[in-house]
Amino acid sequence: MRTKSLVFLFGFIFLGLANAQQKEEVLLSIDNSQIPISEFKRIYLKNIDLVTDDSQKDVDEYLDLFINYKLKLREAQTLGLDKKDSYLKELEGYKKQLSSSYLTDTRTSEALIKEAYDRSQERINASHILVMVKPNASAKDTLQAYQKILEAKEKIKNGEEFATVANAYSEDPSVAKNNGLLGWFSTFRMVYPFEDAAYKTKVGEVSNPFRTQFGYHIVKVNKREKKLGEVSVAHIMIAINDKRTSQEAEQRIKEINQQLDQGVSFESLAKQYSDDPSTAVQGGKIRRFGQGILNSEKFEKTAFALQKKGELSEPLETKYGWHIIKLIEKHAPKSFEEQKNELTNRVKKDSRSKLVTESFINSLKEKYQVTFNTKAVSFFKEVIPDSMNFVGWDVSKNEDFKKELFRIKDQAYTYGDFGEFLKENARVSQSYSDKSIFIEKMYAKYESTTLLKYYEEHLENDNQDYANVINEYRDGLLLFDLMESKIWNASKTDTIGLKKYYEEHKDEYVQNETYKVLRASSSKREALEKVKKLLEKKVAVEEIKKEVNKGDIVLVLFSEEELIKGEDKLPKNFKAQEDNITLLQEDNFATLILVKEVLPSRVKTFEETKGELINNFQEDIERKWLDELKDKYAVKVNQKALKKIKKELLK
């Protein structure tokens, strides 16, 4: 399946170029387009570690790929694909998405990520008192709330119990039930100002008042403790699905548990019987995890409760099925580097990201030398009515609105521009009871919004790294559109051509000899010897099961499978003959394999091989198409320059 991500990855290998090239020795030309040595050399060195195919590390092979890529881009431009509305719209979308990573203060972000990691290593048990006050409250209401929280802290300082003061002062609706006790939490569980205050307060102490979006708080830290690290376990799962009820799954897991009690290897049973294919091949081993990671709290608690390496849990049921868990190892907490990517994403989505934005805005103010216009703010406090009603308010009729508010390089922004911004945000004023606070907040918002917008609009000229990446996306998108129209869609719609290709190459699509087998396994070799004798006597499998597995004791597990020659690992001494029985011993676990039927090698049908066939058909179309492009566009390689670059690259 072709995706844009694959195209961009391939395109990335041939991109990363500067916007302008100085005149220098040419390596090759495609019609009138010349490519210098430095471009090819830079791209080769930049991407050589990404190339896993050794043939592509060869300069000649790499040059062929590079020429093919350039030919495709030239054809896309000839066809006018770079002028399509859909292409231009998608490019703008990518630019918008990409620019967000450049509109941030990296140093502040890194500091917050490291802080989040350090805090994530422990959890806190705390209580709090909240005095509510709206974010846009008047100065009077804000002061009253602050004085109330100070009064509460003073009472605690003078010896009153925190719970008693919480019940008397806190406006948190849950205080009547919990006396202000919040319980345990760690990083990212609370709004950042609250988390920050809690982690900066010592055990047994009460913080100074601090403000969040809810109002003023004080927090008392009751306990702190280090968090558990991670655990590695393996499991055997018997799924509950359309083919198996919970009762049937439970019965099966109990049978497997009996095998474990008899000393059968956990890994062997997991490989043969676990319904979790992603872990079964590894003997049931699950990628290590920490608290709160899995979708099953029951599974997680059971895994962490195991203490000794190799310890097994009792069978347990989750929403996925029935499990037996084996402890492999307990791990100390992850390192910072191991968690950095996850923490980075969480910081971006968390309220602390506002600190990063504020820091970046301040850096833009310094970069563009934009300062707070005190006179302008005072002017608007006078001209805006106390009702903050902007109906009929016309900034064009007042000469004062032509004054300059601030300037970003050559771009001037006027009082009138800010006035229009206020009108556009008239509804916001309804949440403010204080006109002065509204104007100050709106000025700060207009200033930051304008700075960000200007920087983003001029980012390609202002940041070379961003410009290079955008060039990569431009060509990547162009290549995707071209390949989709010329290759991928053609292979999907050309049914006749696809079937013709199949007929011409059908000998390449062969299903190897296949063996339908009955597998029986047990820790008791003598039980399998008995099964072998009964099979040789042609006793039905169901009868054999009743004979060897009596009552609740399951000595032998049975399953029917298909083994494909060349694809599946066949047992040693295996003979591809019907009714042949192979008996194997692995440690204390024995397996019997009966060949029930041998299906001869055959050519796969058109439908069976359609996925692989389409892929090969596409590659065939592309090879022929590239030959046409090489005839259409004149490609000339400067052999002297190529010899020179080989010498430099192979030092």
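Where is the place of aspartate 579? Aspartate 579 sits in the loop between strand E15 (557-564) and strand E16 (581-586). Its phi is near 75 degrees, a positive value in a residue other than glycine. Aspartate 579 is partly exposed, with 47% relative accessibility. Asparagine 179 belongs to the loop between helix H9 (175-178) and strand E4 (181-185), and it is partly exposed at 36% relative accessible area.

Please keep in mind that this is a predicted model. The mean pLDDT of the protein is 88, and 95% of its residues reach 70 or more. One stretch to treat separately is residues 5-22, where pLDDT stays under 50. For residues 5-22 the model has 48 contacts beyond four places in sequence.

**Salt bridges**

Side chains of opposite charge can pair when their charged atoms come close. Across the whole structure, a search finds 47 salt bridges. Here are three of them, with the distance between N and O atoms.

| Pair | N to O distance |
|---|---|
| Glutamate 92 and lysine 95 | 3.7 Å |
| Arginine 119 and aspartate 196 | 2.6 Å |
| Aspartate 620 and arginine 623 | 3.5 Å |

Let us start with glutamate 92 and lysine 95. Both are in helix H5 (residues 85-99), and because they are 3 residues apart there, about one helical turn separates them. Glutamate 92 is partly exposed, with a relative accessible area of 47%, whereas lysine 95 has 19% relative accessibility and counts as buried. The cut-off for buried is under 20%, so lysine 95 falls on the buried side of it.

Now for the pair within helix H25 (residues 610-632). Aspartate 620 and arginine 623 are 3 residues apart in H25, so they too are separated by about one helical turn. Aspartate 620 is buried at 15% relative accessible area, while arginine 623 is partly exposed at 47%.

What about the pair formed by arginine 119 and aspartate 196? Their side chains meet in a salt bridge, 2.6 Å from N to O. This pair links distant parts of the chain, with arginine 119 in helix H6 (residues 106-120) and aspartate 196 in helix H10 (residues 192-199), 77 residues apart. Arginine 119 counts as buried, at 8% relative accessibility, and aspartate 196 also counts as buried, at 16%.

**A buried glutamate**

Is glutamate 447 buried or exposed? Glutamate 447 is buried, with a relative accessible area of 4%. This residue is found in helix H19 (residues 435-457). Leaving aside residues up to four places away in sequence, glutamate 447 touches Lys365, Val370, Thr371, Phe372 and Phe406.

How values were computed. Residues numbered from 1 in each chain as written. Predicted model: local features only at pLDDT ≥ 70, side-chain atom pairs only at ≥ 80, totals over all residues. Heavy atoms only, no water. Salt bridge = Lys/Arg side-chain N within 4 Å of Asp/Glu carboxyl O. Helix = DSSP H or I, 4+ residues; strand = E, 2+ residues; numbered from the N terminus. Buried < 20%, exposed > 50% of the residue type's maximum accessible area, 1.4 Å probe, protein only. pLDDT = per-residue confidence, 0-100. Contact = heavy atoms within 4.5 Å.
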